[in-house]
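Here are my quick notes on the model you sent over. Have the structure open while you read, and tell me if anything looks off.

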Amino acid sequence: MAEDFTDLLNQLKDGKIDQFEVTPASFPAFQKAFMAFDTRKRVVGQAHKDGKLVYHYDHDAGNSGE
């Protein structure tokens with residue numbers, strides 16, 4: 001079953017989760033949701049072994065009302 005990345009992104013934004021992981025196989029589905037996400041500039045990813053990416057939300061970025 002495919003993950004609902006839009007829901008995960010909203011949970012990050014709302015502070016319900018701290019981070020989530022994206023595997024290389026699920027990256028195309030993640031990218032589609034990411035590109036449509038309104039505050040994607042605040043979503044920060046970090047690469048890990050085996051092509052896994054861990055994303056978190058930067059709540060302190062800018063404070064310019066983005």
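This is a predicted model: local features need pLDDT of at least 70, side-chain atom pairs count only at pLDDT 80 or more; totals for chains, interfaces and linings use all residues.

1. On burial, the chain has 66 residues, and 27% of them count as buried. As for how the chain folds back on itself, take the contacts between residues at least 6 apart in sequence: 52% of these join residues at least 24 apart.

2. The inventory is quick to read off: 2 helices and 3 strands. Going from the N terminus, they come in the order α-β-α-β-β.

3. In what order do the 3 strands sit in the sheet? The order is β1-β3-β2, the sheet is open, and the pairing is antiparallel. That puts β1 (19-22) and β2 (43-47) at the edges, each pairing on one side only. Neighbouring strands are turned by 25° against each other on average, ignoring direction.

4. Have a look at the pairing of β2 with β3 (residues 53-57), which is antiparallel and runs over 5 bridges. As a reminder, strands in a sheet pair through backbone hydrogen bonds.

5. Finally, what packs on the sheet? Helix α1 (residues 5-14) does, and this helix touches β1, β2 and β3. The direction of α1 makes about 150° with that of β1.

Methods: Residues are numbered from 1 along each chain as its sequence is written. Side-chain values use heavy atoms; hydrogens and water are left out. Helices (H or I, at least four residues) and strands (E, at least two) are DSSP runs, numbered from the N terminus. Buried means under 20% relative accessible area, exposed over 50%, partly exposed in between (1.4 Å probe, protein chains only). Contact means heavy atoms within 4.5 Å. Two strands pair if DSSP finds at least two bridges between them. Axes are lines fitted to C-alpha atoms, for helices over the stretch in contact, and angles run from 0 to 180 degrees between N-to-C directions.
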